[in-house]
Amino acid sequence: MAVERPVYSVELAAQPFEVRDYGPAIVAVVRVTGSRSDAVNAGFRILAAYIFGANQGSRKIAMTAPVAQSAGEKIAMTSPVQQIGGDGAWEVSFTMPAAYTLDALPEPKDGRIHLSTVPARRVAVVSFSGFWTDANLRSHESDLAAFIRARGLTPAGAPVYAYYDPPWIPWFLRTNEVQVPLAPKGP
């Protein structure tokens, strides 16, 4: 069953790397603590409950991909559904289906979930299959950093980990990404 993914245009492709331009999006974000793997699992469960009906009106919202995880920094969220983190604090997010506006989404019953609009953004990405191990993510993050340096691009935020497939999908069929926000193109 196909799920909606954020729409983007590709500015530069040099497989497995891309520079993408994403439009604005609405995300549901939760901040969790623990190891990276524990945090993405906990964050996923919290956000899944929201889209499966733990919200005002008990409305179901379609699942989208990827699930995003990023370091729990005190900066504006600049990614789709992903994981960002460090020092035990992580932000896990789901991008809401494009058909919704912020006002049209039901209010979460769980006060840890925050809905917000993410502005249009430019992102460097490396895609890979395999397990979501810390070593695998760090290796691809390092490769992406080298790609960014070699192209003279300017990072504008912390790496974001994007997971497109559930854990029961065989490792060799999974799509994962490390994404790094980039500064806008110059004039």
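Modeller: Two strands are said to pair if DSSP finds at least two bridges between them. Strands (E, at least two residues) and helices (H or I, at least four residues) are DSSP runs, numbered from the N terminus. The model is predicted, so local features need pLDDT of at least 70 and side-chain atom pairs pLDDT 80 or more, while totals for chains, interfaces and linings use all residues. Residues are numbered from 1 along each chain as its sequence is written, and side-chain values use heavy atoms, leaving out hydrogens and water.

Colleague: What makes strand 4 and strand 6 a pair?

Modeller: Strand 4 and strand 6 (residues 89-95) share five bridges in the antiparallel sense. The rule asks for at least two, so the two strands pair. As an example, Ala71 has Trp90 of strand 6 as its bridge partner.

Colleague: Why is Gln69 called buried?

Modeller: Buried means under 20% relative accessible area, exposed over 50%, and partly exposed in between (1.4 Å probe, protein chains only). Gln69 has 0% relative accessibility, and therefore counts as buried. Gln69 belongs to strand 4 (residues 67-71). Five of the five residues of this strand are buried, so strand 4 is largely enclosed by the rest of the structure.

Colleague: How do you know that the side chain of Gln69 makes a polar contact with Arg36?

Modeller: A polar contact is a pair of N or O atoms within 3.5 Å; within protein, one must be able to donate a hydrogen and the other to accept it, and residues adjacent in sequence count only if both atoms are side-chain atoms. The Gln69 side chain reaches the backbone oxygen of Arg36 at 2.8 Å.

Colleague: How does the span of helix 1 compare with the expected one?

Modeller: The expected span is 1.5 Å times one less than the number of residues. Helix 1 has 16 residues and reaches 22 Å from its first C-alpha to its last, close to the 22 Å expected. Among its buried residues are Arg36, Gly43 and Ile51. Just after helix 1, Gly53 takes a positive phi of about 125 degrees.

Colleague: Which residues of the largest pocket lining lie nearest its centre, and which helix gives the most to it?

Modeller: Of the 21 lining residues, Phe44, Met63, Tyr164, Asp165 and Pro166 lie nearest the centre. Helix 1 (residues 36-51) gives the most to this lining, with four residues.

Methods. 1 Å grid on protein atoms, 1.4 Å probe; cavity = no way out; pocket = protein on both sides within 12 Å on 5 of 7 lines; lining within 4 Å.
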